[in-house]
Amino acid sequence: MAVLVLAAGRGTRMKSVLPKVLLPLLEEPLLSYPLRALAGLGLDQVAAVVGHEGERVEAYLKKSWPSTKVLWQREQKGTGHAVLVGRDWWKAFDHLLVLPGDVPLLSAPALRSLAEGHFRSRADATFLSIELDDPAGYGRVVRSPQGLRIVEHRDASAEERAIREVNSGVYLFKTAALDEALSELSCDNSQGEYYLTDVIPAIARKGGFVEASLWDRADDLAGVNDPLQLAALGRTLRDRILASWMAAGVKCIDPESVWVGPRVMLAPDVFLDPHVQLWGATEVGEGSRIGSFSVLRDARIGRFVEIVGHVHVRESTLRDGAKAGPFSFIRDGAEMREESFVGRFVEVKKSVIGEKSKVPHLSYIGDASVGEGTNIGAGTITCNYDGKNKHETHIGKDCFIGSDTMLVAPLTVGDRAVIGAGSVITHDVPEGALAVARARQRLIEGWEEKKKGKKD
């Protein structure tokens with residue numbers, strides 16, 4: 001069995017410069033969701049038909065789903081035409097599963113049910129149908145003594161539009177029957193397009209057996225046609241993801257304000273405060289707590305980590321027992337080692353904060369390494385950029401860096417060194433040394449009286 005994912009559409013109602021299948025839902029492209037469902041079933045003979053802004057879709061597939069074959073529909077002439085352009089590829093298989101690329105809640109159980117019913121009945125074509133309270137925009141499933149038909153909403157009569165059973169756009173065909181029926185497709189409709197839905201009556205007319213498999217969870221097969229539907233499905237998916245994690249032991253006192261992406265991994269005893277966002281491939285270890293208004297993207301959080309609140313972590317690691325926040329920004333490959341601390345209004349970029357080291361207040365640590373047991377005073381900055389290039393700062397273990405210190409890279413501060421507050425350090429500091437680099441304080445007695453005298 002092969003799989004063909006239809007990802008060529010423009011999605012005009014989305015009013016976006018992005019192709020519809022790349023629009024983000026929980027910060028993942030719409031197209032990623034059906035592909036993930038297929039991977040969960042072990043289906044690996046997959047091709048995607050691309051068209052509108054196809055270069056973008058192709059680039060995404062090559063990066064994130066490299067085993068997916070790309071087929072081009074240079075002119076978007078409808079879903080039937082999209083299947084037709086892949087004919088040379090799918091004819092080598094006995095069965096073809098066809099599905100749209102904009103069904104983010106598509107589940108592996110729904111696909112499994114479709115396949116089991118198709119093979120059990122030996123149907124020539126089987127498609128998943130659902131019942132909707134408001135079926136506007138969907139093709140209606142019309143059952144009659146002459147067999148099944150799917151009538152697109154725009155072409156349906158008033159009587160047909162009253163039907164609540166609709167086509168999900170997910171089909172499983174015997175390729176021989178599909179190949180024969182495609183030759184009968186016509187574009188004689190209001191849009192001048194070749195509809196894949198017209199293949200269903202064509203197969204029936206030739207004596208083929210067509211079956212509609214009604215799936216009882218309509219949300220699983222809901223498509224995305226406008227921004228309102230995108231937002232609604234995002235909330236539904238968010239609720240499902242959180243419910244699954246909470247059943248596994250994650251604590252979340254206000255699920256309606258918490259957002260967790262589909263690739264996030266959480267240990268059982270994680271606590272999520274209100275208004276937390278976890279995205280990408282973020283992982284959070286046992287016993288850790290993520291404070292309110294924190295946003296983590298592609299972060300690796302160890303065991304018993306405390307993120308106090310208002311913390312952003314991006315592509316960085318906090319190891320066991322580390323503590324961050326409030327109002328910290330940790331990014332671009334930074335690493336906080338065991339029991340280290342990054343506090344208020346501190347930014348750490350592409351740096352290592354050593355075990356039990358502290359950067360408590362108002363500092364920027366960039367392109368640097370800090371050894372274990374070191375204390376960085378408030379207002380410390382690693383001056384890592386000379387206008388053209390970035391340079392590294394290396395601070396040893398058990399150092400004390402006084403407040404308001406400028407460390408001008410490239411620079412090495414040896415173990416157990418001390419930097420006096422207010423210093424601008426431009427040369428390496430040896431182990432155990434004290435470095436002070438600031439202007440000598442000058443006192444002018446009677447300064448106020450002299451100023452008054454000048455004014456008089």
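1. A polar contact is a pair of N or O atoms within 3.5 Å; within protein, one must be able to donate a hydrogen and the other to accept it, and residues adjacent in sequence count only if both atoms are side-chain atoms. By this criterion the side chain of Glu-335 joins that of Arg-319 at 2.7 Å and that of Arg-337 at 3.2 Å.

2. This is a predicted model, in which local features need pLDDT of at least 70 and side-chain atom pairs pLDDT 80 or more, while totals for chains, interfaces and linings use all residues. Residues are numbered from 1 along each chain as its sequence is written, and side-chain values use heavy atoms, leaving out hydrogens and water.

3. Glu-335 counts as buried because its relative accessibility is 16% (buried is under 20% relative accessible area, exposed over 50%, partly exposed in between; 1.4 Å probe, protein chains only).

4. The structure holds 0 disulfides (pairs of cysteine sulfur atoms within 2.5 Å). For Cys-383, the nearest cysteine sulfur, that of Cys-399, is 17 Å away. Cys-383 is partly exposed at 25%, whereas Cys-252 is buried at 9%.

5. There are 4 aromatic pairs (rings of Phe, Tyr and Trp, the last by its six-membered ring, with centres within 6.5 Å; planes under 30 degrees apart are stacked, over 60 edge-to-face, the rest tilted). Phe-327 and Phe-345 form a stacked pair, with 5.1 Å between centres and 5 degrees between planes. Phe-127, Tyr-171 and Phe-173 are linked by ring pairs into a cluster.
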